[in-house]
Amino acid sequence: MSVKLSMLKRYPLLIPNHNFTTWQGYINIVNNDYKICIQCPEFPYTKNATLEFDNAVNAVPVNYSSMLNKLKLKPSKLNKLLDNLVKFIANNSNTSASLPDFNAKYLLYKDLETIRENITDLSDDMSHVSLVYVDNADRSHSLSIQVDSERGNYLDMDLPEEIAHTFSEANKFKPVSSIYRQFCQRINDLQALFFMCDLLDEQTTVLEPANPTRKHTQRKIGLSDSVAIEVKLNPYDVYSCPNIEVVGEETSVAAIKTTLEFNMKETGWDEDLNIIENLVRVLDIEEFPDLHSRLESTQVMFNKFRYVLVRGTVDSNTTHTFRV
């Protein structure tokens, strides 16, 4: 049997690079799994090879350094070196762990291998994994999974809350790769929702939430300094009329409410138009005001006025003295 085949069969949780000079993963010793990194520049031979356990994950219970040095003195191949080292640690170890725990971790590792290119972060004990999916509009969507085979996985994702809750319950005990693929499918199904939300964020002044994410289907949009509308989209039917509520100063609100109610009765909500086109039509406005720019301009003017008060100077030709 070749050294490559022997290594892959004997140590299935050790993953090699393309030329087999680096091996990373886990080895099992007396039903305990240990994270290890092996550099073998002259594979399959162990000349100049280095081997390092990650004690932060699970410390090796015996001092293996002297034994390893003795083994490396003899010409050997990597599989034989590792076999002898594992045997030495096993014979000098009093540790024990349940075989089911190791098997569960092995299955998890193999499952993660199928989606490794989408993993952005993975804890050393593989109990927490973060993934990302980039949709056709180049939007990034994150999924975080706290793996717990006994009590059920805990999922955190940038999906609307009502959808996220149902999704989490349906995937509580499923493999990570299956959860990720279902997540990608759900993102694809919600493309119209994300498109409408992007339109609101890009073409209106969103007052709340301060930093909208894919979780938020509601926006508070400024119409003037005293009036705003609260728009809540239906994630299950994004083309239907959203819930719209006018808020602000009572006198200003009344006029906009009257206009909105009249236009909704006369022309209604057109499901062939996008959210912006419908809103400007039923609100009888040409476009949404850029209140952020107006606020920034006002702030600049206010700062200049404060400077004038402090310096006592109105312009370059006239000087006044103020007491502040």
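## A salt bridge between Glu-113 and Arg-116

Let's start with one pair of side chains. In this predicted model, Glu-113 and Arg-116 meet in a salt bridge, with N and O 2.7 Å apart.

How open are these two partners? Glu-113 has a relative accessible area of 24%, so this residue is partly exposed. Arg-116 is partly exposed too, at 46% relative accessibility.

## Arg-219 and Asp-201

Another of them pairs Arg-219 with Asp-201, whose closest N and O atoms are 2.7 Å apart. Here the bridge links distant parts of the chain: Arg-219 sits in strand 10 (residues 218-222), while Asp-201 belongs to helix 7 (residues 191-203), and the two are 18 residues apart.

Is Arg-219 buried or exposed? With a relative accessible area of 1%, Arg-219 is buried, because buried means under 20%.

Which residues do they join into one network? The members are Asp-135, Arg-139, Asp-198 and Arg-214.

## How helix 1 meets helix 3

Now for a pair of helices. Two packed helices can be described by two values: the angle between their axes and the distance between those axes. For helix 1 (residues 3-10) and helix 3 (residues 78-91), the angle is about 35° and the axes lie 9 Å apart.

Which residues make the contact? From helix 1 come Val-3, Ser-6, Met-7 and Arg-10, and from helix 3 come Leu-78, Asn-79, Leu-82, Asp-83 and Val-86. Sorted by class, this contact has five nonpolar residues, two polar ones and two charged ones.

Because Arg-10 lies in helix 1 and Asp-83 in helix 3, the pair ties together parts that are 73 residues apart in sequence.

What is the accessibility of each partner? Arg-10 counts as partly exposed, at 43% relative accessibility. Asp-83 is also partly exposed, with a relative accessible area of 24%. To find this spot in the structure, follow helix 1 to Arg-10 and then look across to Asp-83 in helix 3.

Methods
Residues are numbered from 1 along each chain as its sequence is written. This is a predicted model: local features need pLDDT of at least 70, side-chain atom pairs count only at pLDDT 80 or more; totals for chains, interfaces and linings use all residues. Side-chain values use heavy atoms; hydrogens and water are left out. Axes are lines fitted to C-alpha atoms, for helices over the stretch in contact, and angles run from 0 to 180 degrees between N-to-C directions. Helices (H or I, at least four residues) and strands (E, at least two) are DSSP runs, numbered from the N terminus. Contact means heavy atoms within 4.5 Å. Ala, Val, Leu, Ile, Met, Phe, Trp, Tyr, Cys and Pro count as nonpolar, Asp, Glu, Lys and Arg as charged, and the others, Gly among them, as polar. Buried means under 20% relative accessible area, exposed over 50%, partly exposed in between (1.4 Å probe, protein chains only). A salt bridge is a side-chain nitrogen of Lys or Arg within 4 Å of a carboxyl oxygen of Asp or Glu.
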